[in-house]
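User: Hi, I have just opened this one and would like to go through it slowly with you. Could you help me read it?
Analyst: Gladly; let us look at it together.

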Number of protein chains: 2
Amino acid sequence: MVNDARGTLLEVREQVHSELTSYLTLQREYLSGIGSELIPVCDALESFLLEGGKRLRPLFAYAGFAATGKAPTPADIRAFASLELLQACALIHDDLMDRSDTRRGKPAIHRHFENLHQSEAMNGLADQFGEAAAVLLGDLALVWSDHLLHTSGVSDAALLSALSVHDEMRIELMAGQYLDVREAGEKTPSVDRSLRIARYKSGKYTIERPLHLGASLSIIDREERSQLVNVLSAYGLPLGEAFQLRDDILGIFGDPSVTGKPAGDDIREGKRTVLMAMTLERADQQASAKITAALGRTDLTSDQIEEIRGLITATGAVKDVEDLIEGLLSNALTAANSAEINPSARELLIELATTATRRSH
Amino acid sequence: MVNDARGTLLEVREQVHSELTSYLTLQREYLSGIGSELIPVCDALESFLLEGGKRLRPLFAYAGFAATGKAPTPADIRAFASLELLQACALIHDDLMDRSDTRRGKPAIHRHFENLHQSEAMNGLADQFGEAAAVLLGDLALVWSDHLLHTSGVSDAALLSALSVHDEMRIELMAGQYLDVREAGEKTPSVDRSLRIARYKSGKYTIERPLHLGASLSIIDREERSQLVNVLSAYGLPLGEAFQLRDDILGIFGDPSVTGKPAGDDIREGKRTVLMAMTLERADQQASAKITAALGRTDLTSDQIEEIRGLITATGAVKDVEDLIEGLLSNALTAANSAEINPSARELLIELATTATRRSH
């Protein structure tokens, strides 16, 4: 049963990949018709979108659709795939804002264009060009995501039904991103505030809204789908928080060869995560001072990172976060077993919940 | 007759202002419900959108609608107003990419949030916070523009008809913006390349597409509006180029108290405009060397700017650009008098053409 679900998810991932490939090919033709200077833009976005990515948001949209008991058409898959373009915008802008050098083991978009500026010995400042390119490629990916949704071929009624969920999701994403950036400016961490950020950035944006989007493409009438939508929230919101908490752990303890990010990246970036807020709440004065001093220092050696990891684990925060993840996952699984979910989608939701919370990247 | 058109445009501007005010009030309620940390975001976008702006794009959308002979409803006005939110995104991101300090005489959004970071003695780097805020406020404005269009209250058929023009416009905008940023990296200027950028950034984005958007909200059937759309292009494309050329002149010779930008801003920014490309094409070696050395220097004194202005004028490039503007304006006016344009809209198009090309800010 679980293997069937896993097989379905792999298949949907491939379909999403193939739809993205077709869409990007069309856009390459269009943009290179405007000017050959736009070819590096197409190259960079193609590489960003097609060489990696878990496709989690399209998969959750698929699951939301499947929860209604209907089978998505290729047009629906294109609509789900549009979420990957939105996510590309979020990641490209995120890396720029965080001044991250890499994404999935390759240069972040702003670094890629900075390198391009240097290798072509262009006029002006390479870092300014890299930043500007990242702003615009993110904007373009955001507009493309809309365009792919609009031209997906779903019925007019389905599209109109999806637009309001889609808009709400994007407003929540930008609000969550701002809260996240704002949090880094707070003098002291807060578990509550970090949990709220996790709710907006991941609970809603990554899981709940994609599920709703899928459901809204299948059941046009808002009233008719309202009970299912509630159950999808009961599944998606805790799962999204658990997803973010797993991210917190991977951001500090993840294996660089699997995550594609430097070891202890969240320490170097001084990221205000729930895990870090819990750590500092529980740490004694000496440990707390050591950890706080390390946060945001990009020059940490691997020994120093190892030491900070040890201090974090010693507070018990990692265990507490793992327990929190298990509790949230259990709530999500209970919701997945509700009568409102079409039985054919149940294993899919369970498999996705496991993927989102027990992943290593 | 012209006074009637001017009166209509003033009235539409007020309606657009009022619709934006209502929309932003609703969004403030929504965002402050998520967290009070989002109030500065609402404040900044309200001030950005409501304290100034020529509302050119909504006015052109209005004119495109009026060209069909029908009268727009308040729902249509809301759809036109959404273009101001898109423009806010473009300007906020533009100022960030150009590292401009001011917009309409006030701090640019990234500077505003940098100041906020400092005055609240927040944790971390003030400039990084300012940049991140500008990325996200631009993104939010882009999503809001979509949301206002979708919730404007126009009929489903009108909305679906508008979406494809709207998407094409936004893709062209991002492509034009990239070409503009890329142009600054070219070793030598080019009149042809700068004209192409003017075509995408201004001809299409500022004028042609807003006209088409207006027409598409009034006449749903693509075939039925195709002849009108062609005439609107014949009016809008040359006018948009003329608009950009006026911008080039104002960027160097504009009065700071009227433009809200520092004197000679395009010189300090080293902006690759058509005017500058023509100047360098016509200048002798000595003048060319002097001008080139001044481009991109933010520390120029007002005497130095005056000297560069004199050198630019002496090449004859300003007169040539003025002649070009007149020629393009004349083409636009010819199109405005085509039979396809409903006579009731003719004076409006003529008045707008004059506003766009003979303005002082």
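User: How many residues does the contact take from chain B and from chain A?
Analyst: Please keep in mind that this is a predicted model; in it, the contact takes 47 residues from chain B and 47 residues from chain A.

User: Which elements of chain B give two or more residues to the side that touches chain A?
Analyst: They are helix 1 (2-34), helix 4 (74-98), helix 6 (126-150), helix 7 (156-183) and helix 8 (191-218) of chain B. The largest share of that side comes from helix 6 of chain B, which supplies 14 residues.

User: And how do the residues on that side of chain B divide into nonpolar, polar and charged?
Analyst: On the side of chain B that touches chain A, 25 residues are nonpolar, 10 are polar and 12 are charged.

User: What rotation superposes chain B on chain A?
Analyst: A rotation of 180°, with 0.0 Å of shift along its axis, superposes chain B on chain A, and the RMSD is 0.0 Å. The two copies are thus related as by a two-fold rotation axis.

User: Let's take one chain now. What does the secondary structure of chain A come to?
Analyst: Chain A has 16 helices and two strands. Along the principal axes, its C-alpha atoms fill a box of roughly 60 × 55 × 35 Å.

User: What radius of gyration does chain A have, and what would a compact globule have?
Analyst: Chain A has a radius of gyration of 21 Å, which agrees with the value near 21 Å that a compact globule with 361 residues would have. Buried residues make up 53% of the 361 residues in chain A. Among contacts in chain A with a separation of 6 or more, 76% are between residues 24 or more positions apart.

User: Which domains is chain A divided into?
Analyst: Chain A is divided into domain 1 (1-52 + 74-153) and domain 2 (156-343). The centres of these two domains of chain A, taken over C-alpha atoms, are separated by 23 Å.

User: How many residues of domain 1 of chain A are in contact with domain 2 of chain A?
Analyst: There are 14 residues of domain 1 in contact with 13 residues of domain 2, both in chain A. On the domain 1 side, the elements that give two or more residues are helix 4 (74-98), strand 1 (102-103) and helix 6 (126-150) of chain A. The largest share, eight residues, comes from helix 4 of chain A.

User: Changing topic, which residues touch the most other members of the largest nonpolar core?
Analyst: Of the 218 residues in that core, Ala63(A) and Ala63(B) touch the most other members. Leaving aside its neighbours within four places in sequence, Ala63(A) is in contact with Leu211(A), Gly214(A), Ala345(A), Leu348(A), Leu349(A) and Leu352(A). As background, in soluble globular proteins nonpolar side chains tend to be buried together.

User: What is Ala242(B) in contact with, leaving aside its neighbours within four places in sequence?
Analyst: Ala242(B) is in contact with Ile325(B), Leu328(B), Leu329(B) and Thr357(B).

Definitions and conventions: Residues numbered from 1 in each chain as written. Chains lettered and ligands numbered in written order. Predicted model: local features only at pLDDT ≥ 70, side-chain atom pairs only at ≥ 80, totals over all residues. Contact = placed C-beta atoms within 7 Å. Helix = DSSP H or I, 4+ residues; strand = E, 2+ residues; numbered from the N terminus. Nonpolar A, V, L, I, M, F, W, Y, C, P; charged D, E, K, R; others polar. Least-squares fit on C-alpha atoms with pLDDT ≥ 70 in both. Core = buried A, V, L, I, M, F, W, Y, C linked by C-beta atoms within 7 Å. Buried ≥ 20, exposed ≤ 12 C-beta atoms within 10 Å, placed from the backbone. Rg over C-alpha atoms; globule rule 2.2 N^0.38 Å. Domains from an automatic or database assignment.
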